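Here are two exercises to work through with the model open beside you. Take each solution one step at a time.

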Amino acid sequence: MTKPKDPAISAAIPNDDGLMDLHHSMLRVRLVEEKLLQVFADGKIPGFIHVSIGQEAVATGVCSCLTPADTIFTTHRGHGHTLAKGMELKPFMAEIFGRANGACHGNSGSMHVASAEAGVGGANGIVGAGLPISLGSAFGTAFKGEDSVTVVFFGDGASNQGTFHESLNLAALWNLPLVFVCENNGWAQFSAQKAYMKIDSIARRADGYGMPGVLVDGDDVLKVRDGMRQALARARAGDGPTLLECKTYRWFGHYAGDPQKYRPAANVEQARTVDCIANFEKFLIEQGLAGRQQLDDVDARLRVEIDEAIAYAEASPAAPKGQYLNDVYA
Amino acid sequence: MTETRYIKAINEALHEEMTRDENVVIIGEDVGAPGGAFGGTRGLLQAFGDKRVKDTPISESAIVGLALGAAMKGLRPVVEVMFADFLPVCMDQIVNQIAKTRFMFGGQFAAPLVIRAPGGAGLNAGPQHSQSLEAWFAHIPGLKVVMPATPADAKGLLKSAIRDNDPVLVLEHKALYASSGDVPAGEYLVPIGKADVRRTGKHVTIVTLSRMVLDSLEAAETLAAQGIDVEVIDLRSISPLDRQAIFSSVEKTSRLVIAHEAVKSFGIGAEISAMVSEEMIDVLDAPILRVGAPFSPVPFSQEREYLPNAADIVRAVEKVMNY
Amino acid sequence: MSSAILMPKVGLTMTEGKIVEWRKAVGDRVEPGEIVFVFETEKVSFDVEATQSGKVSRIIVGEGETVAIGTEVALLDDASAAAAPAQVAAAPPQGDVPAKDNPASVRAEPAPARGSSKTRATPLARRIAKVNGIDIAQVAATSPGTPLKKRDVESYLAGLAVRTTSAPGSAAMPTPADGRLVKLTSMREVIARKMVASTVEAAQAYMVVSVDAGNLVDARTRLIPSIEKQTGVRPTLTDLFAKIVAVAIERHPVMNTRWTKEGIVFLDAIHMGIATALDDGLVVPVIGNIGTKKLAEIAVERHDLIEKARSGKLPPERMKGSTFSISSLGMFGVEEFSAIINQPESGILAVGAIIDTPVARDGAVVIRPMMKLTLTYDHRIIDGAKAAAFVATLKDVVEEPLLALA
């Protein structure tokens, strides 16, 4: 399967170097998560969700460089990565709604959405736990002589887990085709980065493990994409892993409904002044690559797609009684 | 059949499986040229090369997580964790990741990997190198746990574990590594989830595993001299548990003693006892007794005193018989 | 602080005790040495004294309830020390042997005591009883004090089968609906269990003989003054009779045996059990090594044991280990009766009253003090002819006590 594109836009603007796809991808993530916040507030989703609104440029910038053969591992805040990597919206939504035809049979919910087909090795509810697994994925593809690459997303908080250090060391040692993407939104759950870390840039840590550490503006999808392209080139050439730090802002709380009492209002306001999608639309219009109406049409088509996915999920049957016993063992 | 040492039987299984399936890879600390801390991987590097025999840094979480990722990509990794006591170091990867991979992703991914780790006491290795932690892992849905007591089972269970499509924890007993026994040459598979009746008897059932199988058989000899006819069931697999083997035996004897080296409290003996009580209490003609270690870490100097042994089993059986 | 009073263990085999009386109520103060409660085990009751002062704040186990040893039966407030077993007023003569130290289980915390007065039986025993429609409480344990097991129920069933075939059409069990229910004491439970077990286990056969007790009565009359002067105790006919029976047994060792799975054990010493009626039951105090004892010693010992038994202070150890028993109901005028073997012995002699009876002697009818002796013997061990030979010897020595010296 391929990543969802908007064929109408792509045909209208040739030689756009995928720029309209970047816009489509970011806006899709944004609109999906806005819709999720709404249905969550309506009490239609069990459990809890973590949204990445404001951080779409990272997911899109990184995943736009990947093929379905490449694999990503993501985090509790993984909707964006998963969708940008190309997961279909309907099984994604049905899983979050806990339905039988959810991607994971309703076993897991928002925090563990995965798609083998789209190369999404799974979102993970344990901070920093995806890094060791990504080592094996990269090792496995290299072992089999495939030229695909593994990408692991994690946050600034995870960079203080032992798994981060163990994994960077081992990946560098074995020259694994792996890209470590640190999506630094400045907040580890309820704590600001300066409260738990002496350094500003996590990319600096790469040096300690013998790999390049690259810091990019995570709110600029093109800069993210450039950084990722270089990291991928290294990985595909057999030159080993890269630590790519994308600095961005978390617009909302740690989880949907988080009152963020720990966070100064000014910090939230400031975060929301940096809108990767608005900025990119402005850029597209200024460059004459798209008109407002075209972009609004994209928005309108996406909303239809999302409403359909929500309707699909809501209409999907609940997981059958005892379904949970079916996936424990082979 | 050839007389083979337990550790050699493990080595033989690895050689055979790596020859059979090129996706079998060995991952662990010092598993390459050194051949593993106890010699389990000896000769594999020479035979299969460093692409398939991977020495790693001392990073248990990374090693075990790496095995999971590789398994998701279709390899059959066999990880050696040098001591079972180090499994807690990578507990998240085992419990939250490996065990739940199939479930959490709705069967889209599987984790067909093996973790080998030597547990058990008997070598005066002290509190952090002597534990029997099988109950922890048997408590986790998604994992399989086996504990061979004999060289033949060490080979047969490991080969089955490598071919299994689920993650299998093979808890070897380091005090048994030097023990010898007949091991079938070549293809020999011991099914996971099947117990073995090591001795048939009609008065009391002893359910046991790993090193305590030997103690139980010794106890059975002593008891036979008193006219007490003991049936010894070697579980071999803790998870899945061969419930039927236990039920059938207790149905016959009406008396049950469970012997394990692990701390008695909250151990698998408690699980088996509860299970038998739930399913067949009206078959019991005496209380179910457990033989296990005291509620203390494994001591260094007083290890022998601490460890449950054949005499403890004899006493428990006598108590059951004299109830 | 508060502390607990526990059910003490007073005998080697004691596993539980039944509280028969609380001498202190909640709120009462107690001082060390004061009797707090009375319990009974098997056939004996014990006074339990406080070991510390304090106020009884709670009585946990009520009268009539049976609990395992070590169970907390009451709490004392303002107590000066931690939980301790209560002090038994009359300590048994033989010290308790500590339980065998079992490292594997001793390491574990002791099992919490169970405070149940229910019949203790394994689930399997209960199931077999239920399937066969019998009341588990009717079954006697082969090892008294242990829970009923499969073998107990099976042997009960085997006995039932024998009785059913010999007495078909037995009447329906009476129900206590219209009568007065007297709750079972532990002594009654023990008696019931032992008696039923005995009838189930042994092949009991009977043999009756009439003996002339004239010389026996004379001998006693002549011995009374010196023994009474020497010991202060009047020897009874039973004392003399016990000694004479022992002499007869010495000449017929098969009477002093025990049935075991492995074979018949011929016992070296004769320990004579003397069944003694109490107001509310029966005890069998034991004169150990009776063959080596003089009549005076027997009299003193018997007197002492029966006094203790009457006041409920006879330690269980003194009621165990008999190898042959005699039971006398002569004082009630009973002419003849049969007794049930006191397991695991192989014989018991039932002694009737001495009654002046016309008998033929040398062709003439004379009045003689006659006594009927009924031997119950275990036919598994003792054949009829052997029992008869014993009875003949017995008759000889009773009728001519001097023969005891021969």
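Two strands count as paired if DSSP finds at least two bridges between them; helices (H or I, at least four residues) and strands (E, at least two) are DSSP runs, numbered from the N terminus. This is a predicted model, in which local features need pLDDT of at least 70 and side-chain atom pairs count only at pLDDT 80 or more, while totals for chains, interfaces and linings use all residues. Residues are numbered from 1 along each chain as its sequence is written, and chains are lettered from A in the order in which they are written.

**Exercise 1.** Work out the strand order of the open sheet in chain A, and find what packs on it.

Step 1. The 5 strands of chain A follow the order S1-S2-S3-S7-S6, with parallel pairing.

Step 2. Strand S1 (71-73) and strand S6 (213-217) of chain A are the edges, each pairing on one side only.

Step 3. Now look at S6(A): 5 bridges join it to strand S7 (residues 242-247) of chain A. Val216(A) stands opposite Cys246(A) in S7(A).

Step 4. Helix H6 (residues 130-143) of chain A packs on the sheet, where it touches S1, S2 (150-155) and S3 (178-184) of chain A. Contact here means C-beta atoms, placed from the backbone, within 7 Å.

**Exercise 2.** Which element of chain A gives the most to the side that touches chain B?

Step 1. Across the two chains, 33 residues of chain A are in contact with 35 residues of chain B.

Step 2. H6 and helix H7 (162-173) of chain A are the elements that give two or more residues to this side.

Step 3. H6(A) gives the most, with 10 residues.

Note on methods: Axes fitted to C-alpha atoms, helices over the stretch in contact; angles between N-to-C directions.
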